[in-house]
Amino acid sequence: MPAAPRAILFDLDGTLADTAPDLAAAVNLLRTVRGLEPTAYDILRPTASAGARGMIGASFGLKPDDEGYAELRDGFFSNYEAAMAVHSGLFDGIRDLLAGIEAAGLQWGIVTNKPKRFTDPLLPQIGLGHAACAISGDTTPHAKPHPAPLLEAASRLQLAPQQCWYVGDDLRDIQAGKAAGMLTIACGWGYCGPTEPQQWQADYVFQQPSELLALLNRVTAIDLVA
């Protein structure tokens, strides 16, 4: 059983919030204005945690170094900025999880690769505006899987990295958490990308937010007894 944390940090897209519908709409608008059929949502959803790179890759078959990618990326950003909280919302069980964290007297924060221009306006619109910290993909010189954003979050919370848990739905989240020295939790309810969370070597893999809350309740109870 791990030691009780002082804070739990979360990825955003695919972990706390189901943002794939609005991300998919933003990239499909690029297709429709070009006279192309929309890309099926089932194809786009697994790539949502990768943002513009994932959406454009799945919908247009382009990588960041390819010709035409930059134009599509800028258009995608404009589309998304104009309609980022139309269909997005918290996953089932997240409100109860966050309430449980707060009831235990712990802090929670967000560490995402989403650019700040989207993170800051989105959080209050989907009920996450009260996070203790919100670190975006451009807050530090490096994005995940580099540990810098997680270390910045711990610093802002005035905690050692080892006092934090990190929860995410992408391999990069687990890599960043391990590099930062945090206990890592892979969330199977998220988008998860092309590989299975069981392959990421996270400390825990949970399929529902309630499982994380149950673990937290166990370790905090042990901590109180000790």
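Helices (H or I, at least four residues) and strands (E, at least two) are DSSP runs here, numbered from the N terminus. The model you are looking at is predicted, so local features need pLDDT of at least 70 and side-chain atom pairs count only at pLDDT 80 or more, while totals for chains, interfaces and linings use all residues. Residues are numbered from 1 along each chain as its sequence is written, and side-chain values use heavy atoms, with hydrogens and water left out.

The peptide bond that joins Lys144 and Pro145 is cis, with omega about 20°. Follow the chain past helix 7 and you come to Gln158, in the loop between helix 7 and strand 6 (164-168). Gln158 is not a glycine, yet its phi is positive, about 60°. Gln201, in the loop between strand 7 (183-187) and strand 8 (204-206), is another non-glycine with a positive phi, about 65°. Most residues other than glycine have a negative phi, and most peptide bonds are trans. Gln158 counts as exposed because its relative accessibility is 73%; buried means under 20% relative accessible area, exposed over 50%, and partly exposed in between (1.4 Å probe, protein chains only). Gln201, at 64%, is exposed too.

Now let us go inside. In soluble globular proteins, nonpolar side chains tend to be buried together.

Next, look at how two helices meet. Helix 3 (residues 51-60) and helix 4 (residues 69-82) pack at about 115°, with their axes 10 Å apart; axes are lines fitted to C-alpha atoms, for helices over the stretch in contact, and angles run from 0 to 180 degrees between N-to-C directions. Contact means heavy atoms within 4.5 Å, and here helix 3 brings Gly51, Ala52, Arg53, Met55, Ile56 and Phe60, while helix 4 brings Tyr69, Leu72, Arg73, Phe76 and Phe77. After helix 3 comes Gly61, whose phi is positive, near 70°.

Finally, visit two buried loop residues. Lys114 lies in the loop between strand 4 (107-111) and helix 6 (116-125), and it counts as buried because its relative accessibility is 8%. Its side chain makes a polar contact of 2.8 Å with that of Asp13 and one of 3.0 Å with that of Tyr80. A polar contact is a pair of N or O atoms within 3.5 Å; within protein, one must be able to donate a hydrogen and the other to accept it, and residues adjacent in sequence count only if both atoms are side-chain atoms.

Thr15 is in the loop between strand 1 (7-10) and strand 2 (17-18). With a relative accessible area of 0%, Thr15 is buried, and its side chain makes a polar contact of 3.1 Å with the side chain of Asp11. Leaving out residues up to four places away in sequence, Thr15 touches several residues, among them Phe10, Phe91, Val167 and Trp189.
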